[in-house]
Amino acid sequence: MGNTKENANLGLIDTDIHERVMYEELLPYLDQPWRRYITDAHWIQEKHMPYTQPAVAGVDRADARVPDGRPAGTDLGFMQEQLLDSLGHEIGVLTGALDPSPSSMHGWYEMATALASAYNDWQIDKWLDKDERLYGSVHIAAQDPAAAVKEIERVGSHPKMVQILLPIDDILWGDAYYHPIFEAAEKHDLMVGMHHNEPPLHYGKWPKYFIEWHTLIPVSHMNQVTNLVFNGVFEKFPKLKVMMIEGGFTYVPFLMRKMDQQYKDLRHEVPWVNQMPSKTIREHFCFTTQPLEEMTKKEFMQILEQMGSEEIVSFSTDYPHWDYDSPTEALPPKLDEELMRKLLSENARNFYPKLQKKEG
Amino acid sequence: MKEAVKEIVCQEEDLQPGEMMSATFGRHDVVVCRASDGHYYAFLDRCIHQGAELSKGKICGAPEPTDELGEYNFQREGDILRCPWHGREFDIKNNGCMLANEKLKLRNFKVVVEDGQVALTK
């Protein structure tokens, strides 16, 4: 499966790989009393989705379960074999499994903060230090910006931490309350990665069917892009960039056009926004490809043309999840080699300052 | 006249109804399926969507199409092959056609069962 040589030649940078922790693996990284809330009180991440994933093996690829029976994404060796080695990855960016997802917790921010620290230490120990191809995301409890900044100060300077992870749930992160997080990101050459967790995007609720929710995930990404731009985040933090992960990119032309039109009419409401939103999006965002809709080359190129850029889309597999995209199969056939190099490698490298440093 | 290629891929008893296994046929990786009625079918072991190995998916049934909103009539246990990645459903007994779009189908191979042996031919 796949074309290892081709990907190696293109220097594949995969911008969405979900490593998964088993709670017991976090225990050595947790002090008391936090540890006992897992061992004695059976803490688990709150989840709200009313349906199980209707794929063959729940949320995961059926062939990604570790041969010894552990859940997909829990074993570095198996991930190396099935993904990194077989497909010729140059770099993979870890984005966690949102379990735990400290920033998604509706309360008990102290526990969330402890979990974030433990997760970061585990991630560094068990993944980033173990495979030179893997880069990581700083997990925080963003509901408490002061504690979040403290954690960013603690691990953000790690050379392999490339971004701060903010889940997309029911908080819009552009509000000034969260700006200290962006300030800390700039300080440490970190970008922000946003990945949906359980956004209640159907008027704050859940639709009847998973297919409805999953179809409209990009709406939750649009909410965040719109919110960040119109709250003046990028005027205030000019070095900051945001990777929108797992929402795809085909919604972007619509959003750019709509935001520009609105800005022409309503600039007076947001006078701190000092340029057309589409320009800000091109300068400050990148969008991961997965889950790719099936498209012809012509259709694909039309979308890029309407975005006005070939530099803000970056390939992602979403391994080991059920809606994984193969780097050798998911993109339309016969894309130009220069464009393939941008999508599979260059755009991500240019996006993350720490990856640029690696190349130098 | 070119002689027909015929290769044994498994023994009849290797598969129970509703089971599948991977095999090779010439240069092809194939998935051999035994449907609920005991008949054997074989397809290229590669999803037509993104190339996943179908033999790592699941043989199951599927809710049949209905005119009634909210009605789940799960039928044909053992006759539907679902991809291990995106879960797309293919009908083993209908040439590997995709349930959501019958214009799309898996590449299939002719199966011959003789003397307890399952063979593919072309």
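Which residues does C33(B) touch, not counting residues up to four places away in sequence? The legends below answer this and describe further close-up views of a predicted model.

**Conventions and confidence.** Residues are numbered from 1 along each chain as its sequence is written, and chains are lettered from A and ligands numbered from 1 in the order in which they are written. This is a predicted model in which local features need pLDDT of at least 70 and side-chain atom pairs count only at pLDDT 80 or more, whereas totals for chains, interfaces and linings use all residues. The model scores ipTM 0.91 and pTM 0.95. Chain B has an average pLDDT of 96, and 98% of its residues score at least 70; pLDDT is the predictor's confidence in each residue, from 0 to 100.

Figure 1. C33(B) touches M20(B), Y41(B), I59(B), L81(B) and I92(B), not counting residues up to four places away in sequence. Two residues are in contact if their C-beta atoms, placed from the backbone, lie within 7 Å.

Figure 2. A residue is buried if 20 or more other C-beta atoms lie within 10 Å of its own, exposed if 12 or fewer, and partly exposed in between, with C-beta atoms placed from the backbone. In the loop between β2 and α5 of chain A is W108(A), which has a positive phi of about 50° although it is not a glycine. W108(A) counts as partly exposed because it has 16 C-beta neighbours inside 10 Å.

**Figure 3. K241(A) and the strand β6 of chain A.** K241(A) lies in the loop between α10 (233–236) and β6 (242–245) of chain A. K241(A) has 22 C-beta neighbours inside 10 Å and therefore counts as buried. Among the residues that K241(A) touches are M191(A), H284(A) and F351(A). The C-alpha atoms of K241(A) and F351(A) are separated by 7.5 Å, although the two residues are 110 residues apart along the chain. In a regular strand the side chains alternate between the two faces of the sheet. In β6(A), V242(A) and M244(A) point one way and M243(A) and I245(A) the other way, and all are buried. Strand β5 (residues 191–196) of chain A pairs with β6(A) in the parallel sense over 4 bridges; two strands pair if DSSP finds at least two bridges between them. M194(A) stands opposite M244(A). Strand β7 (residues 285–288) of chain A also pairs with β6(A) in the parallel sense, over 3 bridges, and C286(A) is the bridge partner of M243(A).

**Figure 4. Two antiparallel sheets in chain B.** An open sheet of 6 strands has the order β1-β11-β10-β4-β3-β2. Its edge strands, β1 (6–11) and β2 (19–25), each pair on one side only. β1(B) and β11 (residues 117–121) of chain B pair over 5 bridges, and K6(B) has T121(B) as its bridge partner. The other sheet shown is open, with 5 strands in the order β5-β6-β7-β8-β9. At its edges, β5 (58–63) and β9 (101–105) each have a single partner strand, so one side of each is left without a neighbour in the sheet. Strands β6 (residues 74–82) and β7 (residues 89–91) of chain B pair over 3 bridges, with F90(B) as the bridge partner of L81(B).

**Figure 5. Backbone details in loops of chain A.** The peptide bond from Q32(A) to P33(A) is cis, with omega near 10°, and P33(A) is found in the loop between α2 and α3. The peptide bond from Y319(A) to P320(A) is likewise cis, with omega near 5°. H42(A), in the loop between α3 and α4, has phi near 60°, a positive value in a residue other than glycine. H42(A) is exposed because it has 8 other C-beta atoms within 10 Å.
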